[in-house]
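Student: Before we discuss the terms, may I have the structure in view?
Tutor: Here it is; we shall then set each term against its definition.

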Amino acid sequence: NAVIPDWMKDLSSKVATLLQGRQGVPISYPVLRSRFHSSISDYALIQALSASAVLVRGNFVLKSHLMALSAPVANTRDVILLLMIKYGFVQREVLIKAYENAGPDAVVITVSVINSLLDLLARKALNGMEMKLDDDMTFESEFTEIAQLHQLYWEKKEQELGEYVKLYEAQ
């Protein structure tokens, strides 16, 4: 097990606090980068960022389990993010119908829960709700290896939550 230096723990904590203050709203890497001194390397900042945030369409969002959400609500947020990654948008009514067919989760994941999650992450678009920030593929091209690690994170999430993605796709 690698020992994490105190300055890195401190940086990770500052990044997490910044993201939590945004209530999980997406943030681009250039905006995040501008909030930290130039003496902090991109590598160190990205490592700290990856501890508390995930890459979605080239921007970062706070990991759902770090938000003050119950497990079913955090999972629903991750399903929304998975759908955003896959399609670039989410159709609110289709998602609501999918969760109405989700068995016991239908009790917890109500229309108002779905609406509040979508309102934090997304804006209205022609074919549904899209991420609040425009896609930014520059991060993925500049930091390919890091982007691939985030892709692995989402592949694991899709294995865990794939049944909900399938419910959405079946509507």
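**Terms and values**

Tutor: K157 lies in helix α9 (residues 144-170), helices being DSSP runs (H or I, at least four residues) and strands likewise (E, at least two), numbered from the N terminus. The model is predicted: local features need pLDDT of at least 70 and side-chain atom pairs count only at pLDDT 80 or more, while totals for chains, interfaces and linings use all residues. Residues are numbered from 1 along each chain as its sequence is written, and side-chain values use heavy atoms, with hydrogens and water left out.

Student: Why is K157 called buried?

Tutor: Buried means under 20% relative accessible area, exposed over 50%, partly exposed in between (1.4 Å probe, protein chains only). K157 has 13%, and is therefore buried.

Student: Which residues does K157 touch, not counting residues up to four places away in sequence?

Tutor: They are D78, L82 and G162, where contact means heavy atoms within 4.5 Å. D78 and L82 are among the buried residues of α4.

Student: What makes the span of helix α4 (residues 71-87) close to the expected one?

Tutor: The expected span is 1.5 Å times one less than the number of residues. With 17 residues, 24 Å is expected, and α4 reaches 24 Å from its first C-alpha to its last. G88, with a positive phi near 85°, follows α4.

Student: What makes a set of residues a nonpolar core?

Tutor: Its members are buried Ala, Val, Leu, Ile, Met, Phe, Trp, Tyr and Cys residues joined through side-chain atoms within 4.5 Å. The largest such core has 31 residues, and I80 is one of those with the most contacts inside it. The largest share of this core, seven residues, comes from α4.
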